[in-house]
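Hi,

Here is the structure I promised to pass on. Have a look at it first, and then read my notes below.

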Amino acid sequence: MTHTPGIVITGASGRMGQMLMKTVLDSDAAKLVGAVERKGHDWVGRDVGEAMGGQPVGVTVTDDALEAFSHAQAVIDFTAPDATLEFAALAAQARCVHVIGTTGMSDEQIARLEPASRHAVIVRAGNMSLGVNLLVQLTKKVAAALDEDFDIEVIEAHHHHKVDAPSGTALMLGEAAAEGRGVDLNDVSDRGRDGITGARKRGDIGFHAVRGGDIVGEHDVLFAAPGERIVLRHLATDRAIFARGALKAALWGQGKAPGEYDMVDVLGL
Ligand SMILES: NC(=O)c1ccc[n+]([C@@H]2O[C@H](COP(=O)([O-])OP(=O)(O)OC[C@H]3O[C@@H](n4cnc5c(N)ncnc54)[C@H](O)[C@@H]3O)[C@@H](O)[C@H]2O)c1
Ligand SMILES: O=C(O)C1=N[C@H](C(=O)O)CCC1
């Protein structure tokens, strides 16, 4: 008999929370067993299908994350950095695979995931789509093939609700470019120029963030040299690509040894 993992979605009412619940409800490979929202949210206590404007699905939104996690095999979490740190401890306690899509976490916050990863599988990525994770590999290759005559700039665009910049994806792409070049991103990162900045420093990796309307997520990695340019581009037009990747990660993590993983591990890229 095959085992169908039970999944809890945190941040249930969010843009990604709703997309994730629809993805799990439509899947034969997993079942939705819980939906979590923050204390005081008006979805708490309601059936999640009805809260989304459809038919009841038999799952009530709760603000008791540990209780919800204790009935599940995986937690898919696209919320906010502080919430994700709390969920990491609770998911580890419940021995759930914790799939983290939350972006905007500081290095210090990321380091605080380590104790949880000693007890449970954590899969974390600033972008869960196949296309972006492939672009990360391509960026690393192109950066390794070119010298510093090619200036590298990462340009991203997102909807006007997004609260963090540069995007998690832009940082993944910048890290990949730096790794390809054999440098530490912290030493060469140049974010959002403004004013009399002086000429561009050779070897820097620049980041620029556009925010507007309902843009789902667009990323360019520009390699610009005298006389020629290469642009590697990913355009997301549907949040379903992130949700599909997250569900794949939750299934992949079943039975894996505790530790921190990313989508390159999940997708075998
Ligand atoms: N990794 C990826 O592929 C990917 C893709 C899209 C979005 N994201 C990231 O996912 C996160 C959420 O994005 P969004 O557009 O869905 O945002 P959103 O604001 O629409 O949703 C966030 C949800 O989290 C809930 N939340 C916050 N604190 C909580 C808590 N303590 N307990 C329970 N719920 C809590 C909020 O109430 C809200 O419903 C962002 O960090 C975003 O950058 C990542
Ligand atoms: O909508 C968002 O927010 C997104 N966040 C991720 C990021 O920061 O890169 C992925 C794309 C969408």
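How many nonpolar, polar and charged residues does the shell around ligand 1 have? The answer is 8 nonpolar, 14 polar and 3 charged. In that count, Ala, Val, Leu, Ile, Met, Phe, Trp, Tyr, Cys and Pro are nonpolar, Asp, Glu, Lys and Arg are charged, and the others, Gly among them, are polar.

Before I go on, a word on the source. This is a predicted model, in which local features need pLDDT of at least 70 and side-chain atom pairs count only at pLDDT 80 or more, while totals for chains, interfaces and linings use all residues. Residues are numbered from 1 along each chain as its sequence is written, and chains are lettered from A and ligands numbered from 1 in the order in which they are written.

**The ligands**

There are 25 residues around ligand 1, and those that come nearest are Gly 11, Gly 14, Met 16, Ala 83 and Gly 101. A residue is near a molecule if its C-beta atom, placed from the backbone, lies within 6 Å of it. Helix α1 (residues 15-26) gives the most to this shell, with 3 residues. Helices (H or I, at least four residues) and strands (E, at least two) are DSSP runs, numbered from the N terminus.

Around ligand 2 you will find Thr 103, Gly 126, Asn 127, His 158, Lys 162, Ser 167, Gly 168, Thr 169 and Gly 217. By class, that shell has no nonpolar residues, 8 polar ones and 1 charged.

**Two domains**

The protein chain is assigned domain 1 (6-124 + 239-267) and domain 2 (130-236); the bounds come from an automatic or database domain assignment. Taken over C-alpha atoms, the centres of the two domains are 28 Å apart. Where they meet, 8 residues of domain 1 are in contact with 9 residues of domain 2 (contact: C-beta atoms, placed from the backbone, within 7 Å). On the domain 1 side, α10 (240-252) and α11 (263-267) each supply at least two residues, and α11 has the largest share with 3. That side of domain 1 divides into 4 nonpolar, 3 polar and 1 charged residues.

**The sheet of 7 strands**

One open sheet has 7 strands in the order β3-β2-β1-β4-β5-β6-β12, with parallel pairing. Two strands pair if DSSP finds at least two bridges between them. β3 (61-62) and β12 (259-261) stand at the edges, each with a single partner strand, so one side of each has no neighbour in the sheet. Strand β6 (residues 121-124) and β12 pair in the parallel sense over 3 bridges, and Val 121 has Gly 259 as its bridge partner in β12. Packed on this sheet is α10, which touches β1 (6-10), β4 (74-77), β5 and β6 and makes about 155° with the direction of β5. For such angles, axes are lines fitted to C-alpha atoms, for helices over the stretch in contact, and angles run from 0 to 180 degrees between N-to-C directions.

β1 is largely enclosed by the rest of the structure, because 4 of its 5 residues are buried. A residue is buried if 20 or more other C-beta atoms lie within 10 Å of its own, exposed if 12 or fewer, and partly exposed in between, with C-beta atoms placed from the backbone. β1 also pairs with strand β2 (residues 31-36) in the parallel sense over 5 bridges, and Gly 6 has Lys 31 as its bridge partner in β2.

**The sheet of 5 strands**

The other open sheet to look at has 5 strands in the order β8-β9-β7-β10-β11, with mixed pairing. β8 (189-191) and β11 (228-236) are at its edges with a single partner strand each, so one side of each is left without a neighbour in the sheet. From one strand to the next, the twist averages 20°. Strand β10 (residues 217-225) pairs with β11 in the antiparallel sense over 9 bridges, with Phe 223 opposite Ile 230 in β11. Helix α7 (residues 130-145) packs on the sheet and touches β7 (151-158), β10 and β11, its direction making about 165° with that of β11.

**Two backbone details**

Most residues other than glycine have a negative phi, and most peptide bonds are trans. Arg 95, in the loop between α4 (81-93) and β5 (97-100), has a positive phi of about 55° although it is not a glycine. The peptide bond from Ala 165 to Pro 166 is cis, with omega near -10°, and Pro 166 lies in the loop between β7 and α8 (168-181).

Cheers

Key: Contact = placed C-beta atoms within 7 Å.
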